Structures are given as structure tokens and as C-alpha cells.
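Let's take a look at the salt bridges in this one. Keep the sequence and the model open side by side as you read.

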2 protein chains.
Amino acid sequence: MTETHQPDRAAVIDLLGVLAYGELSAFDRIAHDARMAPTTALRAALAEKAALEIGHYRKLIDRIADLGADPQQAMAPFVMPVETFHARTEPKTWGEALVKAYVGDGLAADFYREIANYVDEPTRSLVDEALADSGNAEFAIREVGVLLVQDPTAASRLSLWGRRLVGEAISQAQHVAAERDALVRLIVGGAGDLTAISALIDRITGKHVERMRVLGLSS
Amino acid sequence: MTETHQPDRAAVIDLLGVLAYGELSAFDRIAHDARMAPTTALRAALAEKAALEIGHYRKLIDRIADLGADPQQAMAPFVMPVETFHARTEPKTWGEALVKAYVGDGLAADFYREIANYVDEPTRSLVDEALADSGNAEFAIREVGVLLVQDPTAASRLSLWGRRLVGEAISQAQHVAAERDALVRLIVGGAGDLTAISALIDRITGKHVERMRVLGLSS
């Protein structure tokens with residue numbers, strides 16, 4: 001492998017590493033948050049979502065190993081930012097757990113899909129596949145709807161919660177960007193220029209606003 | 001449906017109900033215990049085991065619904081004994097978590113397989129399928145082995161822990177037996193007589209002793 005290819009490979013490993021640890025961590029957090037569910041059926045629904053995440057995790061670390069990298073080392077730089085994000089956005093209510101599982105997951109998925117446009121085809125397909133059933137929209141939309149009917153005042157609290165999720169996600173993404181040059185070069189190089197990066201952020205923001213709107217929340 | 005068939009159906013629903021809630025609860029507990037893993041790879045391995053349990057849960061409650069019963073109602077009588085079992089056997093160390101995930105799971109699986117011999121064919125196949133990948137023997141044997149090499153004194157503590165798991169399981173099974181007549185009739189009727197029940201208990205005990213021995217522990 002020549003020197004000029006090295007940054008690309010490092011960036012791909014970074015992308016797969018952050019995504020893999022994100023999935024493992026999502027499993028852990030969603031499994032934990034499922035305990036707040038008001039019924040056994042809803043608890044099981046969230047548990048099934050957690051189980052999907054661990055399936056994605058397996059595919060991602062297998063790909064890291066196929067690329068000749070060590071999955072544990074690939075994930076290591078992202079453990080702290082991901083865990084910090086979760087520690088700062090620990091849901092206190094079932095509504096917060098639902099919004100986090102849906103909005104947080106959707107935001108992360110949109111971001112990863114954008115980056116995946118800049119990597120090789122097998123990696124892109126794998127990322128798309130890992131994210132395919134993310135969002136779990138119908139379940140969250142229905143159950144947040146139930147909560148808002150029961151208590152319309154919850155809308156402003158959950159809207160605020162959605163903004164907090166975005167704020168903490170941006171904060172941790174900035175930490176990662178400061179540390180992972182290869183990943184930043186991949187995004188900047190892939191997008192082409194700052195106007196394109198600005199457009200990328202606009203697309204992700206637009207999807208987030210739409211996701212909140214569908215939940216009956218403001219962003 | 002005639003009166004004489006009623007106990008059978010109630011017993012089958014009970015069997016599927018306790019098994020389904022057991023799987024949902026196992027998901028929850030194993031997902032939680034995975035946090036104690038000393039490495040990300042081991043944490044993921046236990047998370048993958050938890051994910052298997054939730055897949056079994058889904059098949060079991062679908063079968064309950066197919067039989068015309070309400071899955072939530074079918075599980076309800078078993079929530080308290082299952083949760084009590086887990087509350088009284090909460091692992092405090094990674095070793096305890098490993099032994100519980102393997103020995104506890106194996107013990108329950110052996111018991112359910114015995115009962116499944118007394119029910120209709122589609123239910124028996126489903127129960128066998130739900131239990132097929134239980135045990136996860138190689139993973140637990142290897143990792144308990146690692147722990148015992150690092151700290152040989154752990155063997156006596158983990159052996160004691162294994163006995164406590166069995167004691168609490170028997171205690172909760174007795175509570176269930178006192179409440180669920182149909183299930184008891186199924187087992188007594190299926191086994192035929194007290195000698196056969198005694199043989200059933202001997203078989204389950206024998207498998208437990210063997211499982212502990214393979215782990216390098218006494219029972």
C-alpha cells in the first residue's frame with residue numbers, strides 16, 4: 001500500500017470504528033432504557049431494537065478485521081466521546097428514552113450515511129445495511145403520540161430534550177474531529193469544499209427537524 | 001374445545017408464558033451484566049447472547065398469540081418469580097455474570113426441554129428451537145478458565161455461587177408450582193408417576209453437575 005492511500009484506509013477504519021462502538025453502546029443504552037417501558041410489550045419492542053444494533057456491530061467489526069485492522073483498537077478512540085454523549089443524555093423518563101432511541105439514532109445514521117458516500121463500495125454498502133433499519137420510526141411516532149395525548153405539556157419538555165441531544169452530539173463530534181485527522185480529511189476531501197460541508201450539515205439538520213416534526217415536537 | 005382438553009391448553013400457555021418472560025428477562029439481565037466484561041470483545045460476546053434471547057422471546061409470544069391467548073397475560077404470573085430470582089442472584093463480578101449466564105441458562109433450558117416432551121409437536125419444536133443455542137458453552141468455559149488461571153481461589157467462590165443459583169431457582173420453581181395447577185398437572189401427568197418425576201430431577205441435576213465440572217467448579 002502506497003503512502004498516498006494510507007489516509008483513506010485510516011479514515012475508513014475510523015468510520016467503521018466509531019460506528020461499531022456506537023452500535024455496541026446503543027445496544028447497551030437501549031437495553032437499559034427498555035426497563036422504563038410502561039408495558040412488557042413496549043419493553044420487548046425496545047429490546048428488539050437493541051438486538052438489531054448488536055447484529056450491526058458484528059458486521060462492522062468483521063469488516064474492520066477483513067481490512068486487516070484490530071477492531072478493539074479501531075473502536076478505542078471513540079469509547080470516551082460516545083460514553084460521554086450517553087452519560088450526558090441519560091433518559092429519565094420513558095418519553096426521553098423513546099425520543100433518544102429514535103432522534104439520536106436517526107441523527108447518527110444520517111451523519112454516517114453522508115460520510116459513507118466518500119468511501120469504497122463494499123464499506124458503503126455495509127454502512128447502509130447496518131443503518132437500514134435504524135430510526136424505527138413507526139414505533140416511536142406512535143408511542144410518543146400516545147404520551148402527548150396523555151400529557152400535552154410533555155411536548156415542550158421533549159422538544160427541549162431533542163435540542164439537548166443535538167447539542168451533545170455536536171459537542172462530542174467536535175471532540176472527535178479535533179483528534180481524528182484522517183476522518184476530517186475524508187469528510188473535507190469527500191465534500192470538496194466548505195460550501196459542500198455546509199450543505200451536508202444543512203441536509204442532516206433538515207432531516208432532524210422533519211423527524212422532530214413527525215413526532216409532534218419542535219426543534 | 002372439550003373440558004378434558006382445557007388443562008392441556010392452559011399448561012401449554014403457562015409453559016410458553018414462563019419461557020417467554022424468562023427470555024425477556026434474560027435479555028435484560030445479560031445486557032446489564034455485559035457491562036462488567038473486562039474487554040469490549042467480551043462485552044460484545046455477552047451482548048450477542050442477550051440478542052439471541054430476545055429473538056426467542058419473539059417466537060414464543062407469536063406462538064402464544066397463535067394459540068389464541070394474550071402474551072402479556074400469559075407472562076404475567078411469572079414476572080414476580082423470575083424477577084425475584086434475578087434480584088437474589090445479581091452478579092457482582094464478571095465471573096459471577098459468566099457462570100450465571102451459562103449455568104443458570106443451562107439449568108432452565110434442561111428443565112424446559114423436559115417439560116416440552118409432554119406437549120404437542122409444534123410447541124415442542126418451538127421450545128427446542130428457542131433453546132437450541134442456549135448454553136453458549138465454549139465461550140463461558142474458556143472465559144471462566146481464564147479467570148481461574150488468574151486467580152485459582154475464585155473456584156471456591158464461583159462453586160458456591162453455582163449452588164446459590166440452583167437454590168434460588170428451586171425456590172422460585174416451588175412458588176410457581178404452588179400457583180400454577182395446570183403446569184404441575186402437565187408435569188405429573190407427563191412423567192406418569194413420582195418415580196418418573198424423581199428421574200426427571202435426577203437428569204436435570206446430573207446435567208448441572210456436569211456443566212459445573214466442565215467449568216472447573218464443584219457443585
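B:Glu83 and B:Arg29 make a salt bridge, with their closest N and O atoms 2.9 Å apart. Since this is a predicted model, treat that distance as a computed one. B:Glu83 sits in helix α3 (residues 71-88) of chain B and B:Arg29 in helix α1 (residues 6-33) of chain B, so the pair ties together parts that are 54 residues apart in sequence. Both B:Glu83 and B:Arg29 are buried.

Over in chain A, A:Arg211 pairs with A:Asp110 through a salt bridge of 2.3 Å, N to O. Here A:Arg211 belongs to helix α9 (residues 194-214) of chain A and A:Asp110 to helix α4 (residues 94-116) of chain A, so the bridge links parts 101 residues apart in sequence. A:Arg211 is buried, and A:Asp110 is too.

Then there's B:Asp110 with B:Arg113, another salt bridge, where the closest N and O atoms are 3.4 Å apart. These two are three residues apart in helix α4 (residues 94-116) of chain B, which means about one helical turn separates them. B:Asp110 counts as buried because its relative accessibility is 7%, under the 20% cut-off. B:Arg113, at 30% relative accessibility, counts as partly exposed.

Here are the pairs with their N to O distances:

| Salt bridge | Closest N and O atoms |
|---|---|
| B:Glu83 and B:Arg29 | 2.9 Å |
| B:Asp110 and B:Arg113 | 3.4 Å |

Some residues join up in a network of salt bridges: A:Asp28, A:Arg29, A:Glu83, A:Glu90, B:Arg35 and B:Arg43. Over all chains, the count comes to 40 salt bridges.

Key
Residues are numbered from 1 along each chain as its sequence is written. Chains are lettered from A and ligands numbered from 1 in the order in which they are written. This is a predicted model: local features need pLDDT of at least 70, side-chain atom pairs count only at pLDDT 80 or more; totals for chains, interfaces and linings use all residues. Side-chain values use heavy atoms; hydrogens and water are left out. A salt bridge is a side-chain nitrogen of Lys or Arg within 4 Å of a carboxyl oxygen of Asp or Glu. Helices (H or I, at least four residues) and strands (E, at least two) are DSSP runs, numbered from the N terminus. Buried means under 20% relative accessible area, exposed over 50%, partly exposed in between (1.4 Å probe, protein chains only).
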